[in-house]
Amino acid sequence: MTPETNREQQHNAPKAGWLSRLLRAVVHNWPWKLLALFLAVCLWAGLITQDPTLTRERVITDAPVSVIGTDTLRRNGMIVVSGLEEENLAARLRVDVPQREYNTVTAANYNPRVELTRITQPGEQQLKLYATSTTVYGTVQDISPATISVVVDEYVTNYRIPVSVNVVGEYPEGFYGGAFTRDPSVAAVSGPKTLVDQVARIYVDYDASALIPEAGKVSTALPMRFVDRQGNEIVSPLLEVTSSGVVLRSIIVEQDLYPIRVLPVSELDIITGQPARGYQVTGVTVSPTVVRVAGDETLLSDIQSLFVESAVSVEGATETLTASLRIKKPAELAYLNSSTVTVTVTVEPVMISSSLSSVRIRARGAGSGQKVSLDTSSLSAVVSGPQLQVENLRTADVTAYVDVSGLEPGEYILPVQFHVEDQDMSSLSFAATPSTIAVTVHEH
């Protein structure tokens, strides 16, 4: 061994001894020593978590913002009409959270909110967002956005707004819906003044086509809608309906469903009086002849026909009359599809016939230089027409003739015609005996 090697061994000997002693100390009772180390770490961690001064920053996004003081604001006569929509009620929180609560805190621990009780007048307002800091959950260092812009209107109530029923669809075949009962029939509407002032009527839509075809009472709860004076619909969740202080979400609509029957309109006693002398009633027509009615099924079976309330007077009439008469509605009926009928009374002259004898006959229309010979100079006739014309007609008033206008000389068989001076010939008819006569036209 060289002197250098010996010196190196002597130099490294203290180091090797120290490492050997450290190794023996570590491996001696090592489980207990490892447990002691673990307990020390746990103790340190516990002390750290129990120290409120030790915090970590945490950012909470989309934290729901609650609205405080809505009822108080309404009692103060105001309401927020815009700005508090769901998309505006979310905030970003930056919080210094104690170490022990870091993994468990939520946005609710800091109660982000807007307080409507701070509003003092209508108009556009900037509301500050608030959050709560505590020693347990830490301090809110920042909230974003810092404010929310809202529009505030007066909160008013209009009382006795009428409720109307809008029927949509068709009733079941063979049935009729009776009068509606609405509960309530009028209501109070509360909300922003700019909207409430427009509300003229509350409507509910009643779908008749959805009814079961069965007679009886039908009761339905229907949602409401609002319209202005022009019939335009007003849609807003801010409008509230109350009746006797109770908030309403629907209107109760009731009605009776009745079966429909068809009944004839009786012509009994439908005219009164007598036409003028020489005239008579020749016909009566009623339109419509039948009427659709509805009512209680057991009572309908007792009604066989309908009658009118009054009659058409033909006293002294000389021409056809038309009148609209009201149908007498039996108390048992809930509905008639027509409340009146049109009655037409045909009044015409009384037609009579009268015999005339020895009526003189002559020729008309002979040309210059012509002479006409007739095989008879008189005949008998029967005249028919209105009584007032015929009964006063005398033989002397009647002229019988044959028309030879344009005839060349020769022999002819011509029909007998009649004329009565100052009489309407269109209403008279004549039957002559004989109806034709032999005529000879000569050159003169």
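Val136 is partly exposed, with a relative accessible area of 36%, where buried means under 20% relative accessible area, exposed over 50% and partly exposed in between, with a 1.4 Å probe and protein chains only. Val136 lies in the loop between strand 6 (123–130) and strand 7 (139–144), helices (H or I, at least four residues) and strands (E, at least two) being DSSP runs numbered from the N terminus. Not counting residues up to four places away in sequence, Val136 touches Pro98 and Glu101, a contact being heavy atoms within 4.5 Å.

Residues are numbered from 1 along each chain as its sequence is written, and side-chain values use heavy atoms, with hydrogens and water left out. The pLDDT is the predictor's confidence in each residue, from 0 to 100; its mean over the protein chain is 89, and 88% of the residues reach 70 or more. Confidence is lowest in helix 1 (residues 3–27), at a mean of 55, and highest in strand 14 (residues 225–227), at 97. Where pLDDT is low, the predicted coordinates should not be read in detail.

The protein chain holds six helices and 33 strands, and 30% of its 444 residues count as buried. Among contacts with a separation of 6 or more, 75% come from residues 24 or more positions apart.

Two residues in strands show how local surroundings can be described. Arg225 is found in strand 14, and its side chain makes a polar contact with the side chain of Asp205 at 2.9 Å; a polar contact is a pair of N or O atoms within 3.5 Å, of which, within protein, one must be able to donate a hydrogen and the other to accept it, and residues adjacent in sequence count only if both atoms are side-chain atoms. Leaving aside neighbours within four places in sequence, the contacts of Arg225 include Asn166, Tyr203 and Glu233. Thr242, in strand 16 (residues 240–243), is buried, with a relative accessible area of 15%, and beyond its neighbours within four places in sequence it is in contact with Ala187, Ala188, Val247 and Leu248.

An open sheet of five strands has the order 31-29-26-28-32, with mixed pairing, two strands being paired if DSSP finds at least two bridges between them. Its edge strands, each pairing on one side only, are strand 31 (417–420) and strand 32 (429–433). Within the sheet, strand 26 (residues 351–364) and strand 28 (residues 378–386) pair in the antiparallel sense over eight bridges, and Ile352 has Gly385 in strand 28 as its bridge partner.

Backbone geometry deserves attention at several places. Most residues other than glycine have a negative phi, and most peptide bonds are trans. Ser358, in strand 26, has a positive phi near 55 degrees and is exposed, with a relative accessible area of 54%. Asp422, in the loop between strand 31 and strand 32, has a positive phi near 60 degrees and is likewise exposed, at 74%. A cis peptide bond joins Ser287 and Pro288, with omega about -5 degrees, and the bond from Thr433 to Pro434 is cis, with omega near 0 degrees.

Notes. Predicted model: local features only at pLDDT ≥ 70, side-chain atom pairs only at ≥ 80, totals over all residues.
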